[in-house]
Amino acid sequence: MKRALRAVLRGLVRHRKLATLVTVPGVLLAVNVPPALAFVSDYQHDKLINSAEYKAQYGKWDVIDLPSDLRVNAIHAALLPTGKLLIVAGSGNDQTQFDAGTFKSLVYDPATGQGRIVLTPDDMFCGGHAFLSDGKLLVAGGTQRYEILDGAVTKAAGQLVVKNENPDAGRDFPKGTEFRAPDGRRYLATNAFSVKPATKTPIDRRGNVRVTASETQVWVESTDTGTAGVTDTPTQYSITGLTGPDADNVYGLGQKMTMDKQDYQGIEQSYEFDPFTEEYVRVGDMNHKRWYPTLTGLPDGTVLTTSGLDGSGVILPGQNEIFDPKTKTWTERPDLFRYFPTYPAIFQTAKEGTLFYTGSNAGYGPADQGRIPGFWNLGDNSFRPVAGLRDADQMETSGSAWAGPVQDQKMIVVGGGGVGESPLTSKRIDVIDLKKGPRAAYTPGPDLPVPTRYPNVVQLPDDSLLIANGSRDYRGKGASDNLVASLYHPDTNTLAAAADPFVGRDYHSEGILLPTGQVMTLGGNSLFKDAADTKTAPFEQRLEIYTPPYLFHGPQPTITAGPDTATLGSTITVSSPEAGQIAKARLIRPSAATHATDVEQRTVALDVTKNPDGTLDLAIPAQPTLVPPGYYMLFLVDGAGTPSKAHWVHVT
């Protein structure tokens, strides 16, 4: 029956594509199907995909067209513990907005369709994010400057290290601060910057100290157009306006100024977004500027950030650091110096002190460095590679996720492509069992229906995973967006067809599980909107909601009472009129997704005990490696695989 339905649907979709042509005036009417046939095809198609039988097997997609004042470019999306979505655009991959200092975030409530734009103090475009144990979303990094391609650079530029030898005072400098070379050449800072006081270190009992200058990096650009500012001579630069001791203590050091291509540049700012006040709160700056970083939560509530392009557009060679939510500060960890490509998919495993890098990443970095997946031991900074990965040279823009409950310690990697604008794209789903430790290796799973970059991979309450959208080529080139979705079943390692989405999504898109058990997809940033790659594509601002088949199998179970808080290792009691029908219970951590990367989402299986009074006792694992403290959605799932609507639980 499934094959027959899919065959009929494919035929109708083909007719539907023709039907879009007959609405065009002029000669097209003479060479395409008659309007009456197009109308019938559309009618039959809509009737089929809205039939009870079809929806019960494949699910259903619905498109949401937001009001114009709520449309933003969804670069990042996170589900808040209020049930609302935080959609972060920043400048939205739009240099006009960047130059104007127009940065946006939208808080959107899927339950009501209401939303509002919130004040966004810095360009968080292409930063990283992770949930903290109190439900706040840590957002770190973003964009200091947009790229300038070869041939478009008009002024020599480069990075200066600004030093401050004064241990008694730091200095703040505005954008446009002028640096002057001994030969008179002048360069302007392209962003505001600060230098901290120098540090004093006692060297003997007589009170003598060693003063070590503080330093920060700043990108500067020549005041002259053309090659006049080009130099490869190491130079010390004075800062215009400083005199006397200030001029002696604070200065810039530079190696070279060039007119080479300039990549995107990162920022050091970080913020906590409070889901209850719906405001960003500034916290301590990172030690390094980062663009395209990954933030991974650790069991003790701290957050590790890895990779990213620095303030000069160069990928960090391995300077990783940790955020402490108690002090709101970042600490550089030279003992964890390790290189990864940008947006590496790094997950906390069940073993404390051990992370797993799936090999998925979002791009920047050489093809021969940091691409091998493996276990990262934070105790001694060792790295143990794993083997078996198919299409190992096509992990860029691939997706990664836990496959089933986190207790199973199985992960999948999905799709991906070659480095940069490579035409190579993979259909691969590979699976790895982390419990095997030294023997862990990737094994083949089912292939995707089509090669796919930028897949949205979302865990569902019944333990299946939705794999949707993406494109067959780099950023949807050649009209290659995939209007395809599938459901992966970890227990059988099989893939089943799902209903086809209506909206194509590739680069800068996200998929988020909602408390209803549905999935929302957002974003999409194709380079072109035509197969010939001649017309620039607008950013996709429509939303789309997928209702999985399990919501067409009968009424959802309900949770009528349950605690709002719980502790690790405790047992909570919930009430449900359908308690006798409940087969399993799941805690699901909310997603924070960007660039096919979401290291937040995880599903936790709870042991279920049915009580004579019709209540359920649910046992929460004690290990913070399995259940990092924070907010979770609690789903009850009946024997037919139908989940309840979620009840939020704060696990402490």
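Student: Into what numbers of nonpolar, polar and charged residues does the lining of the second largest pocket divide?
Tutor: In this predicted model, the lining of the second largest pocket divides into 14 nonpolar, 16 polar and 15 charged residues.

Student: What volume does the second largest pocket have, and which residues lie closest to its centre?
Tutor: Start with the general idea. Rolling a probe the size of a water molecule over the atoms shows where empty space is left. In this structure, the second largest pocket holds about 1,200 Å³ of space. Its lining consists of 45 residues, and Q144, N191, A192, E268 and K289 are the closest to the centre. The elements that contribute two or more residues to this lining are α5 (95-100), β8 (143-145), β12 (186-189), β13 (193-195) and β16 (214-222). The largest share is that of β16, with six residues.

Student: How many cavities does a search of the whole structure find?
Tutor: Counting those of 30 Å³ or more, the search finds six. Unlike a pocket, a cavity is a space where the probe fits but cannot get out.

Student: Which residues and elements line the largest cavity?
Tutor: There are 18 lining residues, and G297, L298, R589, E600 and P628 lie nearest the centre of the cavity. Two or more residues of this lining come from each of β22 (294-297) and β26 (346-348). Of the elements, β26 gives the most, three residues. By class, the lining of the largest cavity has nine nonpolar, six polar and three charged residues.

Student: What does the second largest cavity look like in the same terms?
Tutor: The second largest cavity contains about 100 Å³ of space. It is lined by 14 residues, with P455, V457, A596, T597 and D598 the closest to its centre. At least two lining residues are supplied by each of β30 (399-402), β34 (456-459) and β38 (509-513), and β38 gives the most, with three. The division by class is four nonpolar, eight polar and two charged.

Student: Let us turn to the strands. What is the order of strands in the open sheet of five, and in what sense do they pair?
Tutor: As a general point, strands of a sheet pair through backbone hydrogen bonds, either parallel or antiparallel. Here the order is β5-β4-β3-β2-β44, and the pairing is antiparallel. The edges are β5 (114-119) and β44 (592-593); each has a single partner strand, so one side of each is left without a neighbour in the sheet.

Student: How many bridges join β2 to β44?
Tutor: Two bridges join β44 to β2 (residues 76-79), and the two strands run antiparallel. For a residue pair to look at, take A77, whose bridge partner in β44 is A593.

Student: How many bridges pair β28 with β29, and how many residues stand between these strands?
Tutor: The pairing of β28 (residues 374-377) with β29 (residues 382-385) is antiparallel and has four bridges. N377 has S382 of β29 as its bridge partner. Four residues lie between the two strands of this hairpin, in which N381 takes a positive phi near 60 degrees.

Student: Where do Y292 and N469 lie, and are they buried or exposed?
Tutor: Y292 sits in the loop between β21 (279-283) and β22. A residue counts as buried under 20% relative accessible area, so Y292, at 2%, is buried. N469 belongs to the loop between β35 (465-468) and β36 (485-489). With a relative accessible area of 3%, N469 is buried as well.

Student: Finally, what do the totals for the protein chain show?
Tutor: The chain has six helices and 48 strands. Its radius of gyration is 27 Å, close to the 26 Å that the globule rule gives for 652 residues, so the chain is as compact as a globular protein of that length. Taken along the principal axes, the C-alpha atoms fill a box of roughly 85 × 70 × 45 Å. Of the 652 residues, 55% are buried. Among contacts with a separation of 6 or more, 62% join residues 24 or more positions apart.

Methods
Residues numbered from 1 in each chain as written. Predicted model: local features only at pLDDT ≥ 70, side-chain atom pairs only at ≥ 80, totals over all residues. Heavy atoms only, no water. Pairing = 2+ DSSP bridges. 1 Å grid on protein atoms, 1.4 Å probe; cavity = no way out; pocket = protein on both sides within 12 Å on 5 of 7 lines; lining within 4 Å. Points joined across faces, edges and corners; volume = space filled by probe spheres on them. Nonpolar A, V, L, I, M, F, W, Y, C, P; charged D, E, K, R; others polar. Rg over C-alpha atoms; globule rule 2.2 N^0.38 Å. Buried < 20%, exposed > 50% of the residue type's maximum accessible area, 1.4 Å probe, protein only. Contact = heavy atoms within 4.5 Å.
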